[in-house]
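Hello,

Here is the structure we spoke about, with the sequence alongside. My notes on it follow below.

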Amino acid sequence: MKNIRFILLPILIFLFTPIKSYSLIEVDITRGNLNPLPVAVSPLSIDQKSKKSFENLLKKKNIGEEISLIVENNLRTSGLFNPLNKDAFLQAPDIANLKPRFEDWNLIKAQALITGKVTNIDDKLRVEFRLWDVLAGKEMMALAFTTVPTNWRRVGHIISDKVYERLTGEKGYFDTRIIYVAEEGPKTKRVKKLAIMDQDGANNKYLTLGNELVLTPRFNPTNQMVTYLSYFRNLPRVYLLDIETGMQEVVGDFPGMTFAPRFSPNGKKIIMSFAKDGNSDIYTMDLENRIVEKITNHPSIDTSPSYSPDGKFICFNSDRSGYQQIYVMKNDGSNVKRISFGNGIYGTPVWSPRGDLIAFTKLHKGKFYIGVMRTDGSGERLLTENYYQEAPSWSPNGRVLIFYRETKTNDKGEGFSAKLWSIDLTGYNERMVKTPIDGSDPSWSSLLSN
Amino acid sequence: MKLNKILKNTLLILLACFALSACATKKVSTGQMQGDVYTGTDTVEYLASGVPDRVFFATNESVLTTASRETLRKQAGWLRKNSNVTIVLEGHADERGTREYNLALGERRANAAKDYLMTYGISSDRISVLSYGKERPVDSGSNPLAWSKNRRSVTVKAN
């Protein structure tokens, strides 16, 4: 397993300088947004000298424009905002940043306006940006921060998060990454490798070479560690991987297959299944003292465990009733209660980071669904139906789910593909998440800048 | 009137017979499945002459069918004759289930085969078990016949 490449996160120096705030425009994210908020993202203004220096450093012609494009793209894909066409803008970026002529922005029907300025200060990237309420003619937020220039994409994501938070009242999810399994080749001999990318698909990197089968990578919610299943030496085992150093190790010393790993919310334990003599039960291993605990003890298949965000409960799927259904228990394995009672079979339960919902995969009458239910099983809501899809993973703010979908092959067995998709909790805004090759088993990181 | 009724009944019976025979023919022509367990030989390889390498399962099941038990008895006989051979039982599932559950199901299927071989005198030291879940289908089709070929436990020589 020496084929993990080293990926060092650039050292971050983010200095935030909040200026002032009011409560003005608000975006309701609790229902499907059919009227996304019209927002104008003015290109960030940049002086000639800074422009030249960043062009040399980053090979980007106009870094101010590039950053604003990232913000625009994030806001658009959220489905809550409608970034307006820049051709219609009447005011130049430099002046707009100082004092917008609200009449001009009102004329093109912008309700919010984002302006900003980029400067080079001692070869650091300094960005200040402002969010304006066009109708009220007021500044809603102003922030400045400084970082290493190579962090420019993250600057765009952080601005997007701040704007999202200011306008919706909830944390954003743009300064995040997705770890997933990149896959290619015929269905019968699929080659799979771990891959990581920014939430918007940029900076895609492969972490393994595809020499061995890898499955189900999941982020530690508190840092950038990952746990996944590898078939290294044909011994399917749960591994722990530090994506910053490339160091990895087998989790525990089990005499058989371990699989379906996830971290506990505090990142200190891994919960997983261990299969022995035809029976799979759920175990935890403490990463500090290496103590292994058996959590379920039942002759049925118990797998796909996921902790509640307070760590007090675990949801999982089991076929103890005859078919796969979702159960909830206390974190010590006591008080097991079945919560899924609808028609069909239910799997891959994942507890929402907000604590109130469990997302799942459901198979009913030959169709696969991604849905959510309350933690007592009530209020089941199916978000999307398809030939095959499974394995939802929550955005850190619990508003979006990412999952994967596979296509049906034709009579000759051709036409197979696997793609990542995302959908809002509302059931709206379903989108394919582009990856360089096919993808499956996505897992969403927590916010990097927290 | 009475004659009419008799005629009608005869016609009904004839029709029913016809329908039944049609069904029967249909079943033979789709051929390679009994219930939803694969009974064909398309994908089967042989460990030795007359010793098939794999057994097939019903959807969601790990119960061995009569045919599977017969195959495994042949494998046990061959293993007894070749006492230096060690084997890996590779358990597989079809694509119509979630990935993690299928890993467990593949393991359960391979263990069903292992247990049967052990009852016929094959030492567990000679058998290891490896589940691939739905990761290694033999047939890439998206139809019941393809799925039935993929729900399997394959005995592979390890040395």
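In chain B, 69% of the contacts between residues at least 6 apart in sequence join residues at least 24 apart. Please keep in mind that this is a predicted model.

The secondary structure of chain B consists of four helices and eight strands. Their order along the sequence is α-β-β-β-β-β-α-β-α-β-α-β. Chain B has 159 residues, and 41% of them count as buried.

Next, the contact between the two chains. Chain B puts 23 residues into it and chain A puts in 31 residues. On the chain B side, α3 (99-119) and β7 (127-133) each supply at least two residues. The largest share of that side comes from α3(B), with ten residues. Sorted by class, the side of chain B that touches chain A holds nine nonpolar, six polar and eight charged residues.

Chain A is divided into two parts: domain 1 covers 37-168 and domain 2 covers 177-444. The C-alpha centres of these two domains of chain A are 36 Å apart. Their contact involves five residues from domain 1 of chain A and seven residues from domain 2 of chain A. On the domain 1 side, helix α2 (residues 63-77) of chain A gives the most, with three residues. That side of domain 1 of chain A, where it touches domain 2 of chain A, has four polar residues, one charged residue and no nonpolar ones.

Regards

Definitions and conventions. Residues are numbered from 1 along each chain as its sequence is written. Chains are lettered from A and ligands numbered from 1 in the order in which they are written. This is a predicted model: local features need pLDDT of at least 70, side-chain atom pairs count only at pLDDT 80 or more; totals for chains, interfaces and linings use all residues. Domain bounds come from an automatic or database domain assignment. Ala, Val, Leu, Ile, Met, Phe, Trp, Tyr, Cys and Pro count as nonpolar, Asp, Glu, Lys and Arg as charged, and the others, Gly among them, as polar. A residue is buried if 20 or more other C-beta atoms lie within 10 Å of its own, exposed if 12 or fewer, and partly exposed in between; C-beta atoms are placed from the backbone.
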